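Good morning, and thank you for making time on the agenda.

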Amino acid sequence: MDRSLTLAPAPETDHGASETLPETTTVSLIVENMQCGSCMGKIERALKATPGVASARASLTARRVSVTFDNRATEPQKLIDALDRTGYRAAESVGSVDESAAARADDLLRRLGVAGFAAANVMLLSVSVWAGVASDMDQSAADLFHWLSALIAMPAIAYAGQPFFRSAATALRARHLNMDVPISLGITLATAMSLYQTMRGTEQVYFDAAIMLTFFLLIGRYLDEKVRVRARGAAENLLGLKALSANVVGEDGAVRRLQARALAPGMRIQVAAGERIPVDGRVLSGATHVDTSLITGETVPRKAAIGDLVHAGTVNLATAIVVEATATDENTLLADIARLVQAAEQGRGHYVRLADRAARLYAPAVHILGASTLAGWLIAGVGFEQSLTYAIAVLIITCPCALALAVPAVQVAAAGRLFARGIIVKAADGLERLSEIDTVVFDKTGTLTRGEPSLANAARIDDATLAAAASLAIASRHPYSRAVVRTARERGLAFVVADGVIEQPGSGLAARVAHGERRLGSASWVGVDDAEGAGAASLWFRDGTAAPIALRFEDELRSDAAAVVGALHASGYRVCLISGDHAEAVRDAAEGAGIDDWSAEVRPDGKIARLEAMKAEGRRVLMVGDGLNDAPALAAAHASLSPSTAADVSQTASDAVFQGEALAPVIEALKVAGASQRMAIENFAIAIGYNIVSVPLAMAGYVTPLIAALAMSLSSIAVTANALRLRGRTLALTRGKVR
Amino acid sequence: MTSLAWLIPCALALSFLGLVAFLWALRSGQFEDLEGASWRAIQDEEPGDEDSKPKG
């Protein structure tokens, strides 16, 4: 069922030869934080205000904006910069993944429209005929109606049924059965027999059944495809945002940010710590450790010093390095990324979805029932025609309409509900695996905590000092400076950038004011003896000749961390904290959040070992993490979640990504996953219950194909209506496997 | 019976019209951004910002 994800190679672009390009180009930009209606307006206005832009149209569903611009006046990077100034993080879309999947969904929708049109008309004619049997419709009118039905139904079935016929043919060629084999058989036999009976002018005409069957099955197929499109689109958005630009160091030493596809061999590329190396290349300066786990499977980071080769797709862990590109065939990078996504998608390839498990048992059963009905009635001596009619009724009635809808309908409802609450489910079977969880493992930094420093001793700093510090800090992008500015803004203080602020990288900021000089930075920068002991996580601020003031920072817990952990405990989940941080920090966080079971200084391979041990105990682990060191653990766990601030690799490896400051989405995801699994099983029960009642009747010859089609429609509607209840219901958190 | 001769074509033509309308809507991207469309209706457009209709 799972199609492998392939990224189309980027179109060949000839750098510096813009005269060969067409005058206008349309690009699709991914905008990560487009979340509401007003964002669409702001984004479109910002782009239209950019010189050279002809039109811009945002799609809130896809979180993308399609921009048409004049090649001579602007380029995609300028558009991305323009959005950045408006406060939106954007990136160019990498491939045609989404487009081809969306085209497939559109194709199904078109077939669905045709099938719906035909089904409505054929049913109209058919109901008249069946009503006419009871009253006084003469045979010639019935024949006319039958021929009209044939005329509408046959081309519609030939067109709309193609997805099933193709899939069945593929399966048969590979010599195995799938659900589409009995479906195709039922549709084709019913149509062929109806045509034969129409020619003979009898009453055994069942075009209505065949077309209704096609229509309902297409609904299920379409919903399933839609969930996939959404999941893949989300995955591709993440990739596009995080991986595909690089800092290129020019001849003059200036750093330009370029799209990865514009890289060429010989370019020097600066890779910051935590970034993915965008090219295959040789290290020119700097020494670092490189995480190759997602490429080679090795969990121990590799050293990379000057002259060593590094590969595209690996992650620079320690310090910034400069890499000279050797093989920057743009397809290499794209291929690598595709491989990463595939690895993440196929990592749990052994997991068999509930629907597929059901299908495996179901398809042979349907064939056996149909064949034995035919054989049974032949032996009983009712003649071939009548026996075949009964066998077709069995095929139609057992046709897995409700089964085909049971899971997709629930998944669409669940994914829609989660999406509205800022949770993007990326893996198609992610919800199913989430529902089986009994243990939740958190990472500390960035997951249980905010992952950014905040001013810890703000209460002891008065407003005037804070405002003065903020007037310096606002000039810097250092995390500590941002924390100072944020705290000052939260207090509602007014401040502007101090005149003539200078930043000394690695030391601090300084500005001249009326009564001397203000300095914000390290102890030595401010002129404080470090022995006075402020700890590592601190800044100093000195205003003129006044005594220096220490600003202490810490990584705060997310505001609802304790509440979320409490709720998980109350519902019977086991909660652990596994972190690579030092013991003291981990203990503080664990105590703050109310977790007893914590371990510190665990390396990435240690995390995997812990997860494997839990798995061996029979536990199903949900890993919630964001760091690069969590990526292997995220891939190894039974299910995984990442905050949207997580490193790109972690987001790729996890099943779902949640947005916002709160940790509550973890609970919501577990709730919805549990409920959706319960509903999927309820739906199976509805579908199977209906089969248990109707199949014996059909085999005994009491059900005509028309009644079979009506009964089937009713069960499909029941299943869909059941799934829709998921949208607005209040759910309770309940643990454990649903059986 | 004679009424059928024109009633049936009428019914078929009407529903065929519906199908054509649906296929046109699909082709022109009316179903592409269902979430965004509901927001656009209540959005305040700035003066001179007339380029806000869906494109074909």
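I shall begin with the ground rules and then turn to the chains.

This is a predicted model, in which local features need pLDDT of at least 70 and side-chain atom pairs count only at pLDDT 80 or more, while totals for chains, interfaces and linings use all residues. Residues are numbered from 1 along each chain as its sequence is written, chains are lettered from A and ligands numbered from 1 in the order in which they are written, and side-chain values use heavy atoms, with hydrogens and water left out.

First, the two chains. Chain A contains 24 helices and 26 strands; here helices (H or I, at least four residues) and strands (E, at least two) are DSSP runs, numbered from the N terminus. Of its 739 residues, 54% count as buried, where buried means under 20% relative accessible area, exposed over 50%, and partly exposed in between, with a 1.4 Å probe and protein chains only. The accessible surface of chain A is about 30,900 Å², with 57% of it belonging to carbon and sulfur atoms; such areas come from the Shrake-Rupley method with a 1.4 Å probe, and for residues only the protein chains shown count as cover. Among the contacts in chain A with a separation of 6 or more, 70% join residues 24 or more positions apart, a contact being heavy atoms within 4.5 Å.

Chain B has two helices and zero strands. Of its 56 residues, 20% count as buried. Its accessible surface comes to about 4,300 Å², and 67% of that belongs to carbon and sulfur atoms.

Four strands of chain A form an open sheet in the order β2-β3-β1-β4, with antiparallel pairing; two strands pair if DSSP finds at least two bridges between them. Its edge strands are β2 and β4 (90-92) of chain A, each of which pairs on one side only. From one strand to the next, the twist averages 25°; for angles, axes are lines fitted to C-alpha atoms, for helices over the stretch in contact, and the values run from 0 to 180 degrees between N-to-C directions. Helix α1(A) packs on this sheet, touching β1, β2 and β3 of chain A, and its direction makes about 165° with that of β2(A). Between β1(A) and β4(A) there are three bridges in the antiparallel sense, and A:I30 stands opposite A:A91 in β4(A).

Helix α2(A) lies across β1, β2, β3 and β4 of chain A and runs at about 40° to β1(A). Among its buried residues are A:L79, A:I80 and A:L83. Just after this helix, A:G87 takes a positive phi of about 100°.

I turn now to another sheet. Seven strands of chain A make an open sheet in the order β14-β26-β25-β24-β15-β22-β23, with mixed pairing. Its edge strands are β14 and β23 (597-599) of chain A, each pairing on one side only. Within it, strand β15 (residues 439-442) and strand β22 (residues 574-578) of chain A run parallel and are joined by four bridges; A:V440 stands opposite A:V575 in β22(A). In strand β14 (residues 423-425) of chain A lies A:I424. Is A:I424 buried or exposed? A:I424 is buried, with a relative accessible area of 16%.

Finally, the interface. How much area do chain A and chain B bury between them? The figure is about 2,400 Å², with 61% of it on carbon and sulfur atoms; buried area is the accessible area (1.4 Å probe) that two parts lose on being put together, summed over both. A:R45, A:R57 and A:F117 supply 26% of the area that chain A buries against chain B, more than any other three residues. The contact takes 27 residues from chain A and 28 residues from chain B.
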